[in-house]
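I opened this notebook to record what I looked up in one protein chain. The entries run from the whole fold to single residues.

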Amino acid sequence: NIFFSRAVDAGVETFKIAKGDKAARKSASRDVHCLGVLHRMERVRLYTLATVLVDYLGTRYVCQSILPGILSGEKTHTLLYGAVEAGSPLIWDKDMHELLEDTLGKSLMIASRPL
């Protein structure tokens, strides 16, 4: 199964300050670029969705594999870190944070900061 989403400012005006659809298009490109960086690092125990950008007839689509059960509300998988969509509460797990800090943080020279 593949989940398709258009890279547009979807009406919640997430990108209103930064020129709407143009910023959403650029954001999708940067997201995929960052996924490429993660794949080239080949870190164990960190996984990403299969993701590709498709420009079709002037519209940019983000095509991703689907996590089993995420769209139907099954509780077989749990989000450990991050948020499902803009405006959702941020989920934070200490073990996952330490894994990200030890693997990606050191490699990309990103330090943790208290909030």
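My entries on fold, surface and two residues follow.

I worked from a predicted model, in which local features need pLDDT of at least 70, side-chain atom pairs count only at pLDDT 80 or more, and totals for chains, interfaces and linings use all residues. Residues are numbered from 1 along each chain as its sequence is written, and side-chain values use heavy atoms, with hydrogens and water left out.

**Fold.** I noted 2 helices and 3 strands, in the order β-α-β-β-α along the sequence. Helices (H or I, at least four residues) and strands (E, at least two) are DSSP runs, numbered from the N terminus.

**Burial.** I found 17% of the 115 residues buried; buried means under 20% relative accessible area, exposed over 50%, and partly exposed in between (1.4 Å probe, protein chains only).

**Arg-60.** I located Arg-60 in strand β3. Arg-60 counts as buried because its relative accessibility is 12%. Its side chain makes polar contacts with the side chains of Ser-29 (2.3 Å) and Asp-55 (2.8 Å). A polar contact is a pair of N or O atoms within 3.5 Å; within protein, one must be able to donate a hydrogen and the other to accept it, and residues adjacent in sequence count only if both atoms are side-chain atoms.

**Leu-57.** I placed Leu-57 in the loop between β2 (51-56) and β3 (59-65). Leu-57 counts as exposed because its relative accessibility is 76%.
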